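Trainee: I would like to learn how to read a structure like this one. Can we go through it feature by feature?

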Amino acid sequence: MIEVHLGDITRLQVDVIVNAANTHLLGGGGVDGAIHRAAGPRLLEACRELGGCPVGEVRATPAFSIPVKRIYHAVGPVWRGGNLGEPELLASCYRHCLALARREHMSSIAFPAISCGVYDYPPEQAVEIAVEEVQQHLDRDCEPLRIVFCCFDEAMAELYRQQLDAYVRR
Ligand code: ADP
């Protein structure tokens with residue numbers, strides 16, 4: 001099941017929220033800042049112990065003061081024109097998060113629009129990759145998993161809705 005939600009990812013009732021982190025995992029602006037503020041200072045301590053994360057991969061922590069089970073810190077690529085492996089690295093973030101959610105027996109996961117803020121990924125292209133990866137995962141895996149695409153603005157939510165419709169119709 002896939003949903004599009006407009007609002008703050010830290011307020012969602014799901015098992016896992018995904019953070020759009022950076023390679024140092026030491027917090028930043030955007031969704032990363034919002035998650036660290038809501039989770040409290042123990043999140044930064046937990047992240048520090050992880051010692052960073054390469055682009056395209058994910059690391060998990062507890063969620064501390066956010067009432068979800070886990071936070072998955074995914075490091076999306078910075079957009080540099082699209083010929084430096086950005087699409088594959090972005091797809092890899094989604095794949096790693098979905099695989100980890102399965103391994104940890106999570107039943108719901110919410111994604112922000114990874115790389116679409118300060119990392120400057122063109123939203124249409126990022127949304128196409130996000131929808132493709134999630135749909136392929138759900139097509140392959142028969143265990144139910146609730147997936148929420150959490151958007152911070154209506155324009156982004158509309159992109160997800162259009163892309164989900166396009167996927168179903170093809
Ligand atoms: P990145 O560095 O990967 O580009 P950003 O945090 O700058 O990550 O932005 C990623 C997306 O998250 C953007 O579309 C931004 O509008 C959105 N965003 C920012 N704050 C929140 C939040 N609290 N909940 C959900 N999405 C958010």
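Trainee: Which residues of α1 are buried?

Mentor: A residue is buried if 20 or more other C-beta atoms lie within 10 Å of its own, exposed if 12 or fewer, and partly exposed in between; C-beta atoms are placed from the backbone. In α1, the buried residues are V31, D32, I35, H36 and A39. They cover an arc of only 135° around the axis, which puts them on the same side of α1. The arc is that of the directions from the helix axis to the C-beta atoms.

Trainee: What should I know about the model and its labels?

Mentor: This is a predicted model: local features need pLDDT of at least 70, side-chain atom pairs count only at pLDDT 80 or more, and totals for chains, interfaces and linings use all residues. Residues are numbered from 1 along each chain as its sequence is written. Helices (H or I, at least four residues) and strands (E, at least two) are DSSP runs, numbered from the N terminus.

Trainee: What do the buried residues of α1 pack against?

Mentor: Think of contacts: two residues are in contact if their C-beta atoms, placed from the backbone, lie within 7 Å. The buried residues of α1 pack against β2 (16-21), α2 (41-50) and β4 (70-75). After α1 comes G40, with a positive phi near 95°.

Trainee: Which element gives the most to the shell around the ligand?

Mentor: A residue is near a molecule or strand if its C-beta atom, placed from the backbone, lies within 6 Å of it. Helix α1 (residues 30-39) gives the most, with four residues. There are 20 residues around the ligand, and A20, G30, A34, G117 and Y119 come nearest.

Trainee: How many of the shell residues are nonpolar, polar and charged?

Mentor: Learn the classes: Ala, Val, Leu, Ile, Met, Phe, Trp, Tyr, Cys and Pro count as nonpolar, Asp, Glu, Lys and Arg as charged, and the others, Gly among them, as polar. The shell has 13 nonpolar, five polar and two charged residues.

Trainee: How do I read a strand such as β4?

Mentor: Look at its partners. Two strands pair if DSSP finds at least two bridges between them. Six bridges join β2 to β4, and these two run parallel. Here A21 stands opposite V75 in β4. Strand β3 (residues 58-61) is joined to β4 by four bridges, and that pair runs antiparallel. A60 stands opposite Y72 in β4. Five of the six residues of β4 are buried.

Trainee: And phi?

Mentor: Most residues other than glycine have a negative phi. L25 has a positive phi, near 60°. L25 is in the loop between β2 and α1. It counts as buried, because 23 C-beta neighbours lie inside 10 Å. H105 also has a positive phi, about 55°, although it is not a glycine. H105 lies in the loop between α3 (86-103) and β5 (108-111).

Trainee: Is H105 buried or exposed?

Mentor: H105 counts as exposed, because it has 9 C-beta neighbours inside 10 Å.

Trainee: What is A110 in contact with, beyond its neighbours within four places in sequence?

Mentor: A110 sits in strand β5. Its contacts beyond those neighbours include I9, L12, V14 and V148. A110 is buried, with 23 other C-beta atoms within 10 Å.
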